[in-house]
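Please take a first look at the sequence and the 3D view shown here. Then let us walk through some of the features together.

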Amino acid sequence: MAEFLQFTFSGVTVGAIYALVALGFAIIYNASQIINFAQGEFVMLGGMATVVLAAAGLPLPVAIVGAVAIAVAVGLLLERGAVEPARHASVVTLIIITIGASIFLRGVAQVLFGKDFHRLPAFSGDAPIVVGGAMLLPQTLWVLGVTALVVVLLHGFFTRTLFGKAMLATAHNPLAAALVGIDTRRMLAVSFGLAAGLGAIAGILIAPITLTAYDVGIMLGLKGFAAAILGGLGSFPGAIVGGLLLGLAEALTAGYVSSAYKDAIAFVAILAVLFVRPSGLLSLGRSERV
């Protein structure tokens, strides 16, 4: 039982990170139908910027806020500098642009931060908590707590604020939203900034557990994308469920089968969903009027 609990704790922790990354994919996809393959680099940027700012002498909370602000600024620059000028291009072209942006950001990070791995100190110590014979790191509680808080805040933003409702309207029908006076271009920029902030938060939360480096965003981005596909691309609840399921599947596979297959689970999940239920587990079920 203790062994199963240990694998479950590990799976839920990493699954929460995947969920945050998947939420970033969902937000941008809803606003523009673009799959932003630079999302993983925002995860890297959050962790690396926090390490650098903390090493410069800033208190950890200030460094965290600064790192998120940097990631948001980079997300806005990406949208204004690369996506916006090509807004009339095909979706495939826009996706290729995000792939190019990912390579560029990773290269810049390598030059600025080097190739070494960096560790961010745990927010409240490293002394493990024993639960049912399994060890639970205090950082895991931070990951789960902050993820839950982010989900609640996002729900409130999209359901209770005028700006959030405008973003939802743009996602549902951009033409109708523009006709009633909503600045759809602004909504797209905000979606990139919001997704970048979510990615940075994920990178900051996981850095004390798994370390961070210039290339950690590649795999985290791909697994966040797999979680988004698993839950239903564009579905916010689906992103959360997909992330948690993927994290649990990885942890249980690594624990009971072999850690060699852990990273393959995400890609198996994508193939399984595409074959069995292409719309995802919790798809939005949109319909078009013709």
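Let us start with a check on length. Helix 5 covers residues 138–160, and at 1.5 Å a residue its 23 residues should span 33 Å; the C-alpha atoms at its ends are 32 Å apart, which agrees. Keep in mind as you read that this is a predicted model.

Which residues of helix 5 are buried? They are Pro138, Gln139, Thr140, Val143, Thr147, Val150, Leu154 and Phe158. An α-helix has 3.6 residues a turn, so residues three or four places apart point the same way. The cover over the buried residues of helix 5 includes strand 2 (134–136) as well as helix 1 (2–32), helix 6 (162–172), helix 8 (184–210) and helix 10 (236–256).

In soluble globular proteins, nonpolar side chains tend to be buried together. Here the largest nonpolar core has 67 residues, and the members that touch the most others are Ile17, Leu20, Leu198 and Leu246. Helix 1 gives the most to this core, with 13 residues. There is also a second, separate core of 6 residues, among them Met44, Ala109, Ala213 and Val216.

What does leucine 20 touch, apart from its neighbours within four places in sequence? Leucine 20 is in contact with Thr147, Val150, Leu198, Ile201, Ala202 and Leu205.

## Helix 4 and its buried arginine

Helix 4 (residues 91–113) passes a length check too. Its 23 residues should span 33 Å at 1.5 Å a residue, and its end C-alpha atoms are 32 Å apart, which agrees. Its buried residues are Leu94, Ile95, Thr98, Ala101, Ser102, Leu105, Arg106 and Ala109, and they pack against helix 2 (39–55), helix 3 and helix 9. After helix 4 comes glycine 114, with a positive phi near 80°.

Is arginine 106 buried or exposed? Its relative accessibility is 18%, so arginine 106 counts as buried, the cut-off being under 20%. Not counting residues up to four places away in sequence, arginine 106 touches Glu41, Tyr214, Asp215 and Ile218.

## Salt bridges

Side chains of opposite charge can pair when their charged atoms come close. How many salt bridges does a search of the whole structure find? It finds 5. One of them joins glutamate 84 and arginine 185, whose closest N and O atoms are 2.8 Å apart. This pair links distant parts of the chain: glutamate 84 is in the loop between helix 3 and helix 4, while arginine 185 is in helix 8, 101 residues apart. Glutamate 84 counts as buried at 6% relative accessibility, whereas arginine 185 is partly exposed at 41%.

In another salt bridge, arginine 80 meets glutamate 79 (3.5 Å, N to O). Glutamate 79 is buried, at 0% relative accessibility, but arginine 80 is partly exposed, at 41%. Aspartate 126 and arginine 119 also form a salt bridge (3.2 Å, N to O); aspartate 126 is partly exposed at 47%, and arginine 119 is partly exposed at 43%.

Met1, Phe4, Tyr256, Val257 and Tyr261 make a nonpolar surface patch of about 610 Å². Phenylalanine 4 belongs to helix 1 and is partly exposed, with a relative accessible area of 39%.

Finally, have a look at leucine 211, in the loop between helix 8 and helix 9 (216–231). Leucine 211 has a positive phi of about 70° although it is not a glycine, and its relative accessible area of 33% makes it partly exposed.

Key
Residues numbered from 1 in each chain as written. Heavy atoms only, no water. Helix = DSSP H or I, 4+ residues; strand = E, 2+ residues; numbered from the N terminus. Expected span 1.5 Å × (residues − 1). Buried < 20%, exposed > 50% of the residue type's maximum accessible area, 1.4 Å probe, protein only. Contact = heavy atoms within 4.5 Å. Patch = residues over 30% accessible without salt bridge, like charges linked within 9 Å, V, L, I, M, F, W, Y side chains within 5 Å. Areas by Shrake-Rupley, 256 points an atom, 1.4 Å probe, with all protein chains shown as cover. Salt bridge = Lys/Arg side-chain N within 4 Å of Asp/Glu carboxyl O. Core = buried A, V, L, I, M, F, W, Y, C linked by side-chain atoms within 4.5 Å.
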